[in-house]
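Please examine the sequence and the structure before reading on.

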Amino acid sequence: MAVFMEMEMQVTPDQYDAVDAALDPKGNPPDGLIAHTARFDGETLKVLDIWESPEAFGAFAESRLGPGIAETLGDDAPPPPEPTFTELHNAYTA
């Protein structure tokens, strides 16, 4: 069953854009990602995604997201976020 994933990180829009470019999720989508959104509240990034499962997000976070953040932001990398998951009744893209 698909899940809604929420997480927050203390980064700037420029930092988010740099990590997004390095990860290239549009050109090389992570397995299990259904939809991705991101918005800012000041310097707090709020990510709202739909994943096939928490495990699919976890595999992406471990193999690509964490290393990508560390490599791109270096000493400015924030601590790893704690995502929350909500099971969805239905999810699809149009």
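Which elements each supply at least two residues of the lining of the largest pocket? They are β1 and α2.

## Basis of the report

The model is predicted, so local features need pLDDT of at least 70 and side-chain atom pairs count only at pLDDT 80 or more, whereas totals for chains, interfaces and linings use all residues. Residues are numbered from 1 along each chain as its sequence is written, and side-chain values use heavy atoms, with hydrogens and water left out.

Helices (H or I, at least four residues) and strands (E, at least two) are DSSP runs, numbered from the N terminus.

## The largest pocket

On a 1 Å grid over the protein atoms alone, a pocket is an open set of points with protein on both sides within 12 Å along at least five of seven lines, while a cavity is a set where a 1.4 Å probe fits but cannot get out; lining residues have an atom within 4 Å of a point. A volume is the space filled by probe spheres set on the points, which are joined across faces, edges and corners.

The volume of the largest pocket is about 160 Å³. Among its 14 lining residues, Leu65, Gly66, Ile69, Pro80 and Pro81 are the closest to the centre. The largest share of this lining, six residues, comes from α2.

## The cavity

There is one cavity of 30 Å³ or more in the structure. The largest cavity has a volume of about 280 Å³, and of the 21 residues lining it, Tyr16, Val19, Leu23, His36 and Leu65 are the closest to its centre. At least two lining residues come from each of β1 (3-10), α1 (13-23), β2 (33-41), β3 (44-51) and α2 (54-73).

## Packing of α1 and α2

The axes of α1 and α2, lines fitted to C-alpha atoms over the stretch in contact, come within 9 Å and cross at roughly 125°. The angle runs from 0 to 180 degrees between N-to-C directions. The two helices are therefore oblique to each other; angles under 35 degrees count as roughly parallel, over 145 as roughly antiparallel, 65 to 115 as roughly perpendicular and the rest as oblique.
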